[in-house]
Amino acid sequence: MTIAIGDRLPDITIKTNGPEGPKDLSTGDFFAGRRVVLFAVPGAFTPGCSNTHMPGFVVRADDILDAGADAIGCLAVNDAFVMGAWQRDQNAGRFTMLADGNADFTRALGLEMDASAGGMGTRSKRFALIADDGVVEYLGVDTQKGVIEASSADTLLARLKD
């Protein structure tokens with residue numbers, strides 16, 4: 001079942017990549033006590049994610065933070081090394097890169113997809129959410145291939161301003 005507005009995000013251990021390499025990060029701790037914008041992509045370095053989705057958040061990061069978000073997270077079913085490299089490649093230093101390598105958090109949200117036909121296994125659907133102290137205020141899932149609308153930086157910025 002897919003997480004919904006008003007639901008509390010699950011507390012799952014995922015990874016992030018810091019100066020000393022990958023480290024565990026509790027999603028419960030990450031979302032606790034603050035308003036977080038999270039966007040999720042099917043895969044780091046993939047065309048739609050690298051050419052459109054991530055750049056929108058890079059360009060709008062200051063606006064999103066000025067509109068009331070305390071943090072921006074980027075989630076993908078990739079390992080922490082890949083997420084760290086993608087962060088550097090995309091000049092996304094304002095974000096926390098969240099590596100859900102085994103798709104545990106993504107599955108707990110009910111937002112996984114089967115990309116096995118393309119050799120990518122289980123991946124995250126393209127989505128974004130706003131959570132306040134771990135409770136979902138907004139959830140936008142893009143369901144049409146190649147369309148980045150419900151999870152775009154502009155959509156999230158508009159939601160923050162509502």
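**Helix α2: its pocket and its packing partner**

α2 and β6 (112-114) each contribute at least two residues to the lining of the largest pocket in this predicted model.

Visitor: Which element gives the most to the lining of the largest pocket?
Guide: The lining of the largest pocket comprises 19 residues, and P42, M113, R126, K145 and G146 lie nearest its centre. Both α2 and β6 supply at least two residues of that lining. The greatest share, four residues, comes from α2.

Visitor: How do the residues of the lining of the largest pocket divide by class?
Guide: The largest pocket has a volume of about 480 Å³, and 19 residues line it. By class, these residues are eight nonpolar, six polar and five charged.

Visitor: Are α2 and α5 roughly parallel or roughly antiparallel to each other?
Guide: Two packed helices are described by the angle between their axes and the distance between the axes. For α2 (residues 47-66) and α5 (residues 153-161), the axes lie 9 Å apart at an angle of about 15°. Angles under 35 degrees count as roughly parallel. The two helices α2 and α5 are therefore roughly parallel.

Visitor: What is the make-up, by class, of the contact of α2 with α5?
Guide: α2 passes α5 in a right-handed crossing. From α2, the contact involves G56, F57, R60, D63 and I64, and from α5 it involves A153, D154, L156, L157 and L160. The make-up of this contact is six nonpolar, one polar and three charged residues.

Visitor: Which residues is A67 in contact with, leaving aside its neighbours within four places in sequence?
Guide: A67 is placed in the loop between α2 and β4 (71-76). A67 and N17 are 50 residues apart in sequence, with their C-alpha atoms 27 Å apart in space. With neighbours within four places in sequence left aside, the contacts of A67 are R35, L157, L160 and K161.

How values were computed: Residues are numbered from 1 along each chain as its sequence is written. This is a predicted model: local features need pLDDT of at least 70, side-chain atom pairs count only at pLDDT 80 or more; totals for chains, interfaces and linings use all residues. Side-chain values use heavy atoms; hydrogens and water are left out. Axes are lines fitted to C-alpha atoms, for helices over the stretch in contact, and angles run from 0 to 180 degrees between N-to-C directions. Angles under 35 degrees count as roughly parallel, over 145 as roughly antiparallel, 65 to 115 as roughly perpendicular and the rest as oblique. A crossing is left-handed if the near helix is turned anticlockwise from the far one by less than a right angle, and right-handed if clockwise. Contact means heavy atoms within 4.5 Å. Ala, Val, Leu, Ile, Met, Phe, Trp, Tyr, Cys and Pro count as nonpolar, Asp, Glu, Lys and Arg as charged, and the others, Gly among them, as polar. On a 1 Å grid over the protein atoms alone, a cavity is a set of points where a 1.4 Å probe fits but cannot get out, and a pocket is an open set with protein on both sides within 12 Å along at least five of seven lines; lining residues have an atom within 4 Å of a point. Grid points are joined across faces, edges and corners, and a volume is the space filled by probe spheres set on the points.
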